[in-house]
Amino acid sequence: MNALLVIDVQNDFCPGGALAVENGDAIVPGINAAMADHDAVVLTQDWHPAGHSSFASTHGADVMSVTDMPYGPQVLWPDHCVIGSHGAAFHADLRTDADLIIRKGFRPAIDSYSAFFENDKTTPTGLEGYLRTRGIKDLTLVGLATDFCVNYSAVDAAKLGFNVTVNLTLCRGIDLNGSMDAALQGMKDAGVELA
Ligand code: VGL
Ligand code: ZN
């Protein structure tokens with residue numbers, strides 16, 4: 001059994017959004033087409049309360065600066081994907097008739113890039129249990145952003161023992177201070193197949 005894991009294809013990560021990824025919307029038709037090739041489809045949705053600790057505005061800090069959280073360094077982002085906002089909604093053209101939609105980053109004090117664990121690397125989202133109880137062992141990841149949420153999700157999935165492929169043609173990245181090269185290397189080192 002295999003699943004397509006569609007990471008954060010939301011308005012705020014697409015052109016015109018608060019944390020826009022260049023050409024983030026270009027991958028939507030290809031992702032919709034790929035859904036038909038999988039036994040299960042899971043969408044993730046970045047889902048932050050107003051005043052979230054990953055927002056620069058919450059700390060009066062510069063956007064894209066880094067702060068120390070109890071769980072380690074954390075990039076401070078523009079306000080994005082606020083619960084219930086237009087920015088948090090999926091891109092209008094994305095098919096949302098998925099088996100599961102998993103939301104992450106809703107705890108005020110912890111960010112969550114990965115679809116499996118929050119940034120403290122211990123708080124689970126529940127996705128692992130969902131996939132295992134459905135007998136899903138093979139995962140293909142697509143979505144936004146390659147070097148953050150796709151990367152963290154792929155590495156965690158590989159660590160958990162899933163067979164993981166990232167389809168890079170259906171991903172787009174942020175590339176902040178070399179984060180793209182680091183992500184590609186980190187995924188390779190974790191045994192993720194890059195296609
Ligand atoms: C993401 C930064 C902050 C992502 C989410 O989806 O890659 N990046 N929140
Ligand atoms: Zn976020």
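Helices, as named here, are DSSP runs of H or I with at least four residues, strands are DSSP runs of E with at least two, and numbering starts from the N terminus. The structure described is a predicted model.

## Nonpolar core

The largest nonpolar core contains 56 residues. Val6, Ile31, Leu94, Phe116, Leu127, Leu131 and Leu139 have the most contacts inside this core. At least two core residues come from each of strand E1 (2-7), helix H1 (28-35), strand E2 (40-46), strand E5 (100-104), helix H3 (127-133), strand E6 (138-144), H4 and E7. The largest share, seven residues, is supplied by H4.

With residues up to four places away in sequence left out, Leu127 touches Leu5, Val42, Leu100, Ile102, Ala115 and Phe116.

Helix H1 has Val28, Ile31, Asn32, Ala34 and Met35 as buried residues. These buried residues line one face of H1, because they fall within an arc of 165° when seen down the helix axis. Their packing partners are E1, E2, E6 and E7.

In helix H5 (residues 179-189), Ser179, Met180, Ala183 and Met187 are buried. Viewed down the axis of H5, the buried residues lie within an arc of 95° and therefore line one face of the helix. Asp181, Lys188 and Asp189 are exposed on the other side of H5. The buried residues of H5 pack against helix H4 (146-159), strand E7 (163-172) and strand E8 (193-194). Just after H5, Gly191 adopts a positive phi of about 90°.

## Largest pocket

The largest pocket holds about 300 Å³ of space. Its lining comprises 16 residues, of which Pro73, Val75, Tyr113, Phe148 and Tyr152 are the closest to the pocket centre. Strand E4 (72-75), H4 and H5 each contribute at least two lining residues. Divided by class, the lining of the largest pocket has nine nonpolar, five polar and two charged residues.

## Cavities

Two cavities of 30 Å³ or more are present in the structure. The largest cavity has a volume of about 110 Å³. Of the 15 residues in its lining, Phe13, Leu19, Asp46, Tyr113 and Cys149 are the closest to its centre. Ten residues in the lining of the largest cavity are nonpolar, two are polar and three are charged.

Lys121 counts as exposed because its relative accessibility is 60%, the cut-off being over 50%. Lys121 and Tyr71 are separated by 50 residues in sequence and by 8.2 Å in space, C-alpha to C-alpha.

## Loop between E4 and E5

Phe90 is located in the loop between E4 and E5. With a relative accessible area of 13%, Phe90 is buried. Leaving aside residues up to four places away in sequence, Phe90 touches Val9, Gln10, Asn11, Leu43, Thr44, Gln45, Thr96 and Ile101. Phe90 and Pro124 are 34 residues apart along the chain, and their C-alpha atoms are separated by 23 Å.

Cys81 also lies in the loop between E4 and E5. Its relative accessible area of 0% places Cys81 among buried residues. Although Cys81 is not a glycine, its phi is positive, at about 45°.

## Further backbone features

In general, most residues other than glycine have a negative phi, and most peptide bonds are trans. Asp175 is not a glycine, yet it has a positive phi of about 55°. Asp175 is situated in the loop between E7 and H5 and is partly exposed, with a relative accessible area of 46%.

The peptide bond that joins Leu144 and Ala145 is cis, with an omega of about -10°. Ala145 lies in the loop between E6 and H4.

Definitions and conventions: Residues numbered from 1 in each chain as written. Chains lettered and ligands numbered in written order. Predicted model: local features only at pLDDT ≥ 70, side-chain atom pairs only at ≥ 80, totals over all residues. Heavy atoms only, no water. Buried < 20%, exposed > 50% of the residue type's maximum accessible area, 1.4 Å probe, protein only. Arc of directions from axis to C-beta. Contact = heavy atoms within 4.5 Å. Core = buried A, V, L, I, M, F, W, Y, C linked by side-chain atoms within 4.5 Å. 1 Å grid on protein atoms, 1.4 Å probe; cavity = no way out; pocket = protein on both sides within 12 Å on 5 of 7 lines; lining within 4 Å. Points joined across faces, edges and corners; volume = space filled by probe spheres on them. Nonpolar A, V, L, I, M, F, W, Y, C, P; charged D, E, K, R; others polar.
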